Amino acid sequence: QVQLVESGGGLVQAGGSLRLSCAASRSISSINAMGWYRQAPGQQREMVAQLTSTSGTANYADSVKGRFTISRVYAENSVYLQMSSLKPEDTAVYYCNARLFNGKRYEDYWGQGTQVTVSS
């Protein structure tokens, strides 16, 4: 199991930047994949960015490519999401995700979420 705590959300004007942080309760090198998802009011939760532990490959939603960057610091057991050129449509609750293989299947763990609001 793993506990995740996000921080860094807030209110920003369009074109601005924010950096989200996600601290894990265990070594992130033991986690198969970590990423960021978001959910806007009335919308389904969607993947924003994801890092796999084995290949280190980063995957991004088309809507954020070139604007968002996911990164990790092993020594801090943390994952970050640098968001730039923010748009009003980026407004959502952002959730940190950890995916662990328990020997039989993958299990998803979620943080409590952090609100990001982009004003026009």
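This is a predicted model: local features need pLDDT of at least 70, side-chain atom pairs count only at pLDDT 80 or more; totals for chains, interfaces and linings use all residues.

I begin with the disulfide, a term that here denotes a pair of cysteine sulfur atoms within 2.5 Å. The torsion about the S-S bond of Cys22 and Cys96 is about -80°, so this disulfide is left-handed. It joins distant parts of the chain, with Cys22 in strand β3 (residues 18-24) and Cys96 in strand β9, 74 residues apart. The two sulfur atoms lie 2.0 Å from each other, and the count of disulfides comes to one.

Residues are numbered from 1 along each chain as its sequence is written, and side-chain values use heavy atoms, with hydrogens and water left out.

Are the two cysteines, Cys22 and Cys96, buried or exposed? By our terms, buried means under 20% relative accessible area, exposed over 50%, and partly exposed in between, with a 1.4 Å probe and protein chains only. Cys22 has 1% relative accessibility and therefore counts as buried. Cys96, at 0%, counts as buried too.

Let me now turn to the chain as a whole. It has zero helices and 11 strands; helices (H or I, at least four residues) and strands (E, at least two) are DSSP runs, numbered from the N terminus. Of its 120 residues, 40% count as buried. Along its principal axes, the C-alpha trace spans about 45 × 30 × 25 Å. Contact means heavy atoms within 4.5 Å. Among contacts between residues at least 6 apart in sequence, 53% join residues at least 24 apart.

Two strands pair if DSSP finds at least two bridges between them. Five bridges join β9 to β10 (residues 106-110), and the two strands run antiparallel. Within this pairing, Ala98 stands opposite Tyr109 of β10. Four residues lie between the two strands of the hairpin, and Gly103 in the turn has a positive phi of about 105°.

My last topic is charge. Side chains of opposite charge can pair when their charged atoms come close. We count a salt bridge when a side-chain nitrogen of Lys or Arg is within 4 Å of a carboxyl oxygen of Asp or Glu. How many salt bridges does this rule give? The count comes to six.

One of them joins the side chains of Arg38 and Asp90, at 2.9 Å from N to O. Arg38 lies in strand β4 (residues 33-39) and Asp90 in the loop between β8 and β9, so the pair ties together parts that are 52 residues apart in sequence. Both Arg38 and Asp90 are buried, with Asp90 at 1% relative accessibility. Leaving aside neighbours within four places in sequence, Asp90 is in contact with Arg38, Arg67, Phe68, Ser85, Val116 and Val118. Arg38, Glu46, Arg67 and Asp90 are linked in a network of salt bridges.

A further salt bridge connects Lys65 and Asp62, at 3.1 Å from N to O, and here both residues are exposed. Glu107 forms another with Arg105, where the closest N and O atoms are 3.7 Å apart. At 25% relative accessibility, Glu107 counts as partly exposed.

Thank you for your attention.
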